[in-house]
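The following paragraphs lead through a protein chain from its overall division to individual residues. Please keep the sequence and the model in view while reading.

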Amino acid sequence: MAQADGIIRIGTRGSPLALAQASEVRARLIAAHGLTEDDFAIEVISTSGDRILDRPLSEVGGKGLFTKEIEAALLDRRIDLAVHSSKDMATAIPDGLAITAFLEREDVRDAFIGRDAKTLADLPEGATVGSASLRRQALIKRLRPDLNTIIFRGNVQTRLRKLGEGQADATLLALAGLNRMEMQHHATDILEPEDFPPAPGQGAICIESRQGDTRIENLVSAIVHDETSIALHAERAFLKVLDGSCRTPIAARAVLWDSGRIAFHGMILRPDGTEVHEVHDEGDADGAVALGERAGRSVLEAAGPHFFDGWGDPQP
Ligand SMILES: NCc1[nH]cc(CCC(=O)O)c1CC(=O)O
């Protein structure tokens, strides 16, 4: 491709996982278009989610925390495309921006990383699990009400360090992130998604760019993964229906099978794991959004109007 268009500036967070994801996007674009590394600049942007490390995300303002500053850089034209973990993306995208690609999904499952006990079942009564994720805390308490959960913030390396220091007996991390950093040997077990469904979007990288920026849209269209996009549309539609409170633990997994059918599993939980509402449904791939919305409405209805009471104010 001719370089008259200029350097492609990729915006990313600075964590090792974020940088690995940005390099993967760059490598895929290089392979798809015969470009070289010199055609790209990787701009590291610090986000509030990287700076505020002493509070759970749900208290600081939820999902936008890992994306707001990067989206501002897109709107200011300091970068041309942003690489995100889909799991960190709010369902509302700022005016003028759009998700232009979902890449092929990595493993969607959560990994268990234990110090002495190698599996969740083997943890002794009253053991402590570190996690910043409301979903993981609630799923743990549902399966093991005797366990204590403490907040583990920071990037993957920080959390593994805290575990190594003995601040908890175990932690959970997305296997996708460990795989991308070639750190999968830290996992002592893998949690099955039927018992331990992932966060909507887990394991999938997405690219965000300015609406109408056809240079970037054309470039990234070559690396879009259709099946992942369909699954993500269903999972994000489910999330959007439930978005009233970012303190709600929400899990969802859409799987494509039999050329064009989607199997959908969604769940909402009370943060202490004592109440769970889940849905299994299926539908055609071309109705992915409708399937996710229907599943979202069905768990909302099962949960009833008071399910969300008493967890603090919904985020704006
Ligand atoms: N908020 C942190 C975050 N965002 C995405 C991932 C994992 C990678 C992915 O889901 O694609 C992680 C770390 C983790 O949960 O272990």
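The protein chain is assigned three parts: domain 1 (3-104 + 204-224), domain 2 (110-190) and domain 3 (234-303). These bounds come from an automatic or database domain assignment. Residues are numbered from 1 along each chain as its sequence is written. The model is a predicted one, in which local features need pLDDT of at least 70 and side-chain atom pairs count only at pLDDT 80 or more, whereas totals for chains, interfaces and linings use all residues.

The relation between domain 1 and domain 2 is considered next. Taken over C-alpha atoms, the centres of domain 1 and domain 2 are separated by 27 Å. Nine residues of domain 1 are in contact with 11 residues of domain 2, where contact requires the C-beta atoms of two residues, placed from the backbone, to lie within 7 Å. On the side of domain 1 that touches domain 2, α1 (16-33) and α3 each supply at least two residues. Four residues of that side come from α1, which is the largest share. Helices and strands are DSSP runs numbered from the N terminus, helices being H or I of at least four residues and strands E of at least two. By residue class, the side of domain 1 that touches domain 2 has six nonpolar, three polar and no charged residues. In this division Ala, Val, Leu, Ile, Met, Phe, Trp, Tyr, Cys and Pro count as nonpolar, Asp, Glu, Lys and Arg as charged, and the others, Gly among them, as polar.

The residues around the ligand are Ser85, Lys87, Asp88, Val156, Leu173, Ala174, Ala176, Gly177, Gln202 and Gly203. A residue is near a molecule or strand if its C-beta atom, placed from the backbone, lies within 6 Å of it. Domain 1 and domain 2 each provide at least three residues of the shell around the ligand. Four residues of the shell are nonpolar, four are polar and two are charged.

Asp88, one of the residues around the ligand, is also one of the contacts of Phe66. Phe66 is placed in the loop between α3 (57-60) and α4 (68-75). With neighbours within four places in sequence left aside, Phe66 is in contact with Arg13, Thr47, Gly49 and Asp88. Because 22 C-beta neighbours lie inside 10 Å, Phe66 counts as buried. A residue is buried if 20 or more other C-beta atoms lie within 10 Å of its own, exposed if 12 or fewer, and partly exposed in between, with C-beta atoms placed from the backbone.

The buried residues in α5 are Leu134, Arg135, Arg136, Gln137, Ala138, Leu139, Ile140 and Lys141. Elsewhere, Arg28 in helix α1 counts as partly exposed because it has 19 C-beta neighbours inside 10 Å.

Arg77, in the loop between α4 and β3 (81-85), has a phi near 65°, a positive value in a residue other than glycine. With 10 C-beta neighbours inside 10 Å, Arg77 counts as exposed. Glu182 lies in the loop between α7 and β9 (189-190) and has a positive phi of about 55° although it is not a glycine. Glu182 counts as exposed, with 8 C-beta neighbours inside 10 Å.

How do helix α9 and helix α10 pack? Helix α9 (residues 226-241) and helix α10 (residues 288-303) pack at an angle of about 35°, and their axes are 7 Å apart. The axes are lines fitted to C-alpha atoms over the stretch in contact, and angles run from 0 to 180 degrees between N-to-C directions. The crossing of α9 past α10 is right-handed; a crossing is left-handed if the near helix is turned anticlockwise from the far one by less than a right angle, and right-handed if clockwise. Residues of α9 in this contact include Ile230, His233, Ala234 and Phe238, and those of α10 include Val289, Leu291, Ala295 and Leu300. The residues of the contact divide into 10 nonpolar, three polar and four charged. Arg294 lies in helix α10 and is partly exposed, with 19 other C-beta atoms within 10 Å.
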